[in-house]
Amino acid sequence: MMEHQHLGSKQSHYKSGNILFMASLQRPEIKLESLKEDIKEYFKVSGWEKKLQNAVYSELNVFPLPSHPAAPPEHLKEPLVYMRKAQGSWEKRILKSLNSMCTELSIPLARKRPVGEQKELLNKWNEMGTDEPDLSLFRPVYAPKDFLEVLINLRNPNYENGDSLSFRTHLGLIQVPLKVKDIPELKECFAELGLNTGQLGIDDSTQVPPELFENEHVRIGQKVLAEQDSAAAQQYIRQGSPTALRAELWALILNISSQPEDILYYEQLKMNVIQHDLLVDSLIYKDVKLTASNDDYYFVFEDYLYQVLLCFSRDTSVLGHFAYNSASPPKSYIRGKLGLEEYAVFYPPNGVIPFHGFSMYVAPLCFLYHEPYKLYQIFREMYVRFFFRLHSISSHPSGIVSLCLLFETLLQTYLPQLFYHLREIGAQPLRISFKWMVRAFSGYLATDQLLLLWDRILGYNSLEILAVLAAAVFAFRAVNLMEVTSLAAAEAVLADLSTLKVMPLLQIFLFATVT
């Protein structure tokens, strides 16, 4: 099994700044009596004050608020015991599926590539899409619909015999008592999406002509970028990002500034791919072939997707996010040493087993970033901040369980006739919308609309907007849905979302719904 890398590109970046800082302190004009003020001045002049502010802001966005000092570490991962147990059981199922595939196909989890194979892969690194390996025997470890069945069966044991009256009235598929927002709370949370606020992605939202708003918004965006302030960029992007500024704004919000060591780190991951063949590589190939390669928007990025996802699977820095993820990285053992912890390694090295549709988290980013190492950094940060929550069982407000419950609650509360009609004909709305939310709508919306949606995910540091949009789609197609008489017919009505305009749908649902 391959050895772990611990380069830690961000740490090395700050280390180099530290060396410069120490060198500047040794200059003769620095006096001990004014050291404090001199240090402050140095930070301002050198730009490190802003970098440190952005780093702190980034950490605050990622890590949960401090829990009770006596709380055990697993509470940081997930405070509810039954959620932790459910996630543990789900992980065992995934591993069983992976191991059975390994046994059936007589393929090792990992092997060192022969030198000839290494050279061949290196030569075709930028055109892996032309390769046509036989993947017919490989199958995705799981698909979203398998995961949905697990969530449907989730129960809080404390509620089994005496559940509260208010919760019994929830008639959706998700039967766990979590607190989710109602429309008045969502209005407050997403205040910048209001009808009287200018938005990119809406042609006639305010009294201000769209072109005037857009020009002014671009001007402000350029100023935000010049200031290099992550917090300001996050606030700004809530009204949408101009296309020309989006790549830089997202990188600023995610606190990613590509340094030479970041490129070196990416190259090291690449060499790990060249040297070692993992079973999950075939799962990645298969997923790209089944999803992005067949998508009208994304098929051209097939090579990028292989490069990014293969490197991602080797990146041990991703393991850090398991500190606040309810999931735990799978372990594998050196042959013949099963159960001996000193011979255990995480498999794959990043701890993330890809599932059907996983490559669609990367595909939209290919429109924004054309340097593979930059594309890689952005995807990795998006994953450890947001996407991991869409395929792990937790009580977090942005976790997939809460999103499902929020979606069902919004429909049942504000579109009761539609909700009951679909339920009566055996077309529970969540069975249709789940795949949209798990993929963050990637592959379902037109790319320009998807990027406007992801602007808001970054702007609000929340995935709740996915559930709101899913409910808004049902509201928009309500008249047609009231006429269907089966799940298949309901799915047909909602089969194509590529013509939808995201921002008008969200605004109408949130701010024009009677509450």
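Start by selecting residues 302-314, helix H15, and colour the buried ones: Glu302, Leu305, Tyr306, Gln307, Val308, Leu309, Leu310, Cys311, Phe312, Ser313 and Arg314. Keep in mind as you click around that this is a predicted model. Eleven of the 13 residues in H15 are buried, so the helix is mostly covered.

What covers it? Show helix H13 (260-275), strand E2 (276-278), helix H14 (279-290) and helix H16 (372-385); the buried residues of H15 pack against these elements.

Two packed helices are described by the angle between their axes and the distance between the axes. The crossing of H17 past H19 is right-handed.

From H17, pick Ile400, Leu403, Cys404, Phe407, Glu408 and Leu411; from H19, pick Pro429, Leu430, Ser433, Phe434, Met437 and Val438. How many nonpolar, polar and charged residues does this contact of H17 with H19 have? The count is ten nonpolar, one polar and one charged.

Stay on H19 and zoom in on Ser433, which is found in this helix. Is Ser433 buried or exposed? It is buried, because its relative accessible area is 0%, and the cut-off for buried is under 20%. Leaving aside neighbours within four places in sequence, Ser433 is in contact with Phe407, Ala470 and Phe474. You have already picked Phe407, on the H17 side of the contact.

For the last stop, select helix H21 (residues 464-476) and helix H24 (residues 502-511). Their axes are 9 Å apart and the helices pack at an angle of about 85 degrees, which makes H21 roughly perpendicular to H24.

Which residues meet here? On the H21 side, show Ile465, Val468, Leu469, Ala471, Ala472, Val473, Ala475 and Phe476. On the H24 side, show Val502, Leu505, Leu506, Phe509 and Leu510. Colour this set by class and you'll get 13 nonpolar residues, no polar ones and no charged ones.

Terms used: Residues numbered from 1 in each chain as written. Predicted model: local features only at pLDDT ≥ 70, side-chain atom pairs only at ≥ 80, totals over all residues. Heavy atoms only, no water. Helix = DSSP H or I, 4+ residues; strand = E, 2+ residues; numbered from the N terminus. Expected span 1.5 Å × (residues − 1). Buried < 20%, exposed > 50% of the residue type's maximum accessible area, 1.4 Å probe, protein only. Contact = heavy atoms within 4.5 Å. Left-handed = near helix turned anticlockwise from the far one by under 90°. Nonpolar A, V, L, I, M, F, W, Y, C, P; charged D, E, K, R; others polar. Axes fitted to C-alpha atoms, helices over the stretch in contact; angles between N-to-C directions. Parallel < 35°, antiparallel > 145°, perpendicular 65-115°, else oblique.
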